[in-house]
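Colleague: I would like to go through this model feature by feature. Please give the general idea each time, then the case here.

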Amino acid sequence: MQREAALDLLQKYIKTTNLVKHCLAVEAVMRGLARYFAQDEEKWGLAGLLHDIDYEQTKDDPQRHSLLGAEILEQHGLPEDVVYAVKVHNHAHGLPRLSLLDKALYCADPVTGLIVAGALIKKEKSLAAIDVPFLLNRFGEKSFARGANRQQIATCAELGLELEKFLDISLTAMQDIAREMGL
């Protein structure tokens, strides 16, 4: 599936602007990670872009979230490894993260919330106004960006990445799409 078709598919299922922006952010981080690990950037980007395709249908039923999404992606012919990565990104299912793709999507999902929260507390409301030391400092504050699961972000270690390097890759990737994000 080409990116434009994937974006059309996402917008068919997701109507909330902030959720679409979240998916764009995860796509950017996944593309950044794919470049870092010399993986298929298009495939990894699709996993990030489409990972929450079922969220508006399953937000009140976390046990269905990502299972329905995996079904939707399977029906649209996405590769099996992308479908599995989407399925396992929801920790509620307890499925093992087997591939580098699975592990990357799992930690990329929540890191975008931490980064966006960091940008929003700056007077500029801009991704350009924050850096990795700022994010590392905020990472330890439990009251900051409560929804950004720190344990899940820290699984970047499963990729062989130190938190600082993971935040650097993620922030740089999101800064590259700052205009699309409105930040």
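Modeller: This is a predicted model, so local features need pLDDT of at least 70 and side-chain atom pairs count only at pLDDT 80 or more, while totals for chains, interfaces and linings use all residues. Residues are numbered from 1 along each chain as its sequence is written, and side-chain values use heavy atoms, with hydrogens and water left out.

Colleague: Which residues touch the most other members of the largest nonpolar core?

Modeller: A nonpolar core is a set of buried Ala, Val, Leu, Ile, Met, Phe, Trp, Tyr and Cys residues joined through side-chain atoms within 4.5 Å. Buried means under 20% relative accessible area, exposed over 50%, and partly exposed in between, with a 1.4 Å probe and protein chains only. Here the largest core has 65 residues, and L10, M30, L33 and L114 touch the most other members. Helix α2 (residues 17-36) supplies the largest share of this core, eleven residues. Helices (H or I, at least four residues) are DSSP runs, numbered from the N terminus.

Colleague: With which residues is L33 in contact, leaving aside neighbours within four places in sequence?

Modeller: Contact means heavy atoms within 4.5 Å. On that basis L33 is in contact with W44, A104, A108, L161, F166 and I169. One of these, L161, is placed in the loop between α9 (150-153) and α10 (163-175). L161 counts as buried, at 5% relative accessibility. Beyond four places in sequence, its contacts include L33, Y36, F37 and C156.

Colleague: A108 was on that list. What is the bend of α7 at A108?

Modeller: The bend at a residue is the angle between axes fitted to the seven residues ending there and the seven starting there. At A108, α7 bends by about 25°, and a proline, P110, follows within four residues. Because 17 of its 21 residues are buried, α7 is largely enclosed by the rest of the structure.

Colleague: Where is S66, which has a positive phi?

Modeller: Most residues other than glycine have a negative phi. S66, not a glycine, has a positive phi of about 85°. S66 sits in the loop between α4 (55-58) and α5 (67-75), and is buried, with a relative accessible area of 0%.

Colleague: Is A145 buried or exposed?

Modeller: A145 counts as buried, at 17% relative accessibility. A145 lies in the loop between α8 (132-139) and α9, with a positive phi of about 45° although not a glycine.

Note on methods. Helix = DSSP H or I, 4+ residues; strand = E, 2+ residues; numbered from the N terminus.
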